[in-house]
Amino acid sequence: MVNFIRPEIAQLLAYSSHAEAMETPSNVDKLDTNESPYDLGAEEKEKLAWQYQQLIQSNRYPDSTHRELKSAIVEYINETDPSGFVSENQISIGNGSDELIRSLLIATCVGTSASILLADPTFSMYKILAQTLGITTISIPREETKFTIQRGQADQAIAQAEASGHPVKVIFVVHPNSPTGNLLTTEEIQWLKERTEDILIVIDEAYFEFSGQSLVTELSQHPNWIILRTFSKAFRLAAHRVGYCIGDAQLIQALEKIRLPYNVPSFSQAAAIVALKQRQKLLTTVEETQKERDRLYNELVSDSRLKVWESSANFLYLRLNVSDPEQQQKHLVQTLQKQGTLLRHTANGIRITIGSPAENERTQAHLKTYLQDKF
Ligand SMILES: *Cc1c(COP(=O)(O)O)cnc(C)c1O
């Protein structure tokens, strides 16, 4: 037996998206992981192929400083937020933003009794990564009409954690939240501003390109805030695993010490640079996604058997307005999966990624048929 493995690891299940766990038809609408429905264009792929043939030496380690990619990211950030000027020493790049989440946990909590605070439902990786590192997660529930953070409960939880010897060192928030799609409100942002500087505030902007809302201009006022972004969503590069964070230079330096030296392969660095250079073209699909999201929302919101929430991201969150909703939601997701539409059953609801217009039409049709047959 492998008795040397820590019990909390032995008890964990390896991460897999639902779709991988169940049998599915081969030709599916993959609307369960919030990726872009569109591959990189042929032109971008040709550029990348050319770089691989002419520039990337497969026998050499990647650029461990991510120099060219960092400078392209800085240009991108400063273009969208010229008032909050950011420089290269405020950026760290990860093998997906998942790696950065882990580095942040290592930098703040590992080897101490410190804990992290989450408002559920939210992105699942914070808790999973904390568990693997032996870090305590404190979860408070969100309010259920708009999924705002219950700030009073959060204050109480922070005080209790302090009193019990597990002081909260990190608060993770997503802006807009996954799976519920809501942006941080003015009141929530104010609450974050009022936290002591002994607590790191991680603002995950994985869906920034879809919301158009960022707190990057606030960073200069708040050295205990850090913003996470990713190339896995609007930039269509989920296959390449590239994420980045923006924050105080000292905090960034700590993350740079923690990460593996060659964490982002040369080909992935090249892909992110190509995507940034071609961003005007690549991000044209964002507008289509926003329109499709709002169209699908308007279609679904009028159905009394559903409760649908407005979203600022590239997905919608909904619940069935029936008795025993969890059982029914599970059945709905399984039924649609057999028909070739993959959705995510999560947090007592269903999350639907916005796909191409054709995919969204099929989603809508499958949902409608299901609801008619069933209720
Ligand atoms: C998709 C997503 C990420 C992206 O993770 P990567 O590791 O960069 O692919 C990060 N945070 C949230 C909230 C997400 O939904």
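Q: How many Å lie between a backbone N or O atom of Asp98 and an oxygen atom of the ligand?

A: A polar contact is a pair of N or O atoms within 3.5 Å; within protein, one must be able to donate a hydrogen and the other to accept it, and residues adjacent in sequence count only if both atoms are side-chain atoms. In this structure a backbone N or O atom of Asp98 lies 3.0 Å from an oxygen atom of the ligand, while for Ser97 the distance from a backbone N or O atom to a ligand oxygen is 2.6 Å. With Tyr207 it is a polar side-chain atom that lies 2.5 Å from an oxygen atom of the ligand.

Q: What should I know about the model before reading such values?

A: This is a predicted model, in which local features need pLDDT of at least 70 and side-chain atom pairs count only at pLDDT 80 or more, whereas totals for chains, interfaces and linings use all residues. Residues are numbered from 1 along each chain as its sequence is written, and side-chain values use heavy atoms, with hydrogens and water left out.

Q: Which residues surround the ligand?

A: A residue is near a molecule if one of its heavy atoms lies within 4 Å of it. Here the ligand is surrounded by Gly96, Ser97, Asp98, Phe123, Val174, Asp204, Ala206, Tyr207, Thr230, Ser232, Lys233 and Arg241.

Q: How many disulfides does a search of the whole structure find?

A: A disulfide is a pair of cysteine sulfur atoms within 2.5 Å, and the search of the whole structure finds zero of them. Cys109 is in no disulfide, and the nearest cysteine sulfur, that of Cys245, is 16 Å away.

Q: Is Cys109 buried or exposed?

A: Buried means under 20% relative accessible area, exposed over 50%, and partly exposed in between (1.4 Å probe, protein chains only). Cys109 counts as buried because its relative accessibility is 1%, and Cys245, at 0% relative accessibility, also counts as buried.
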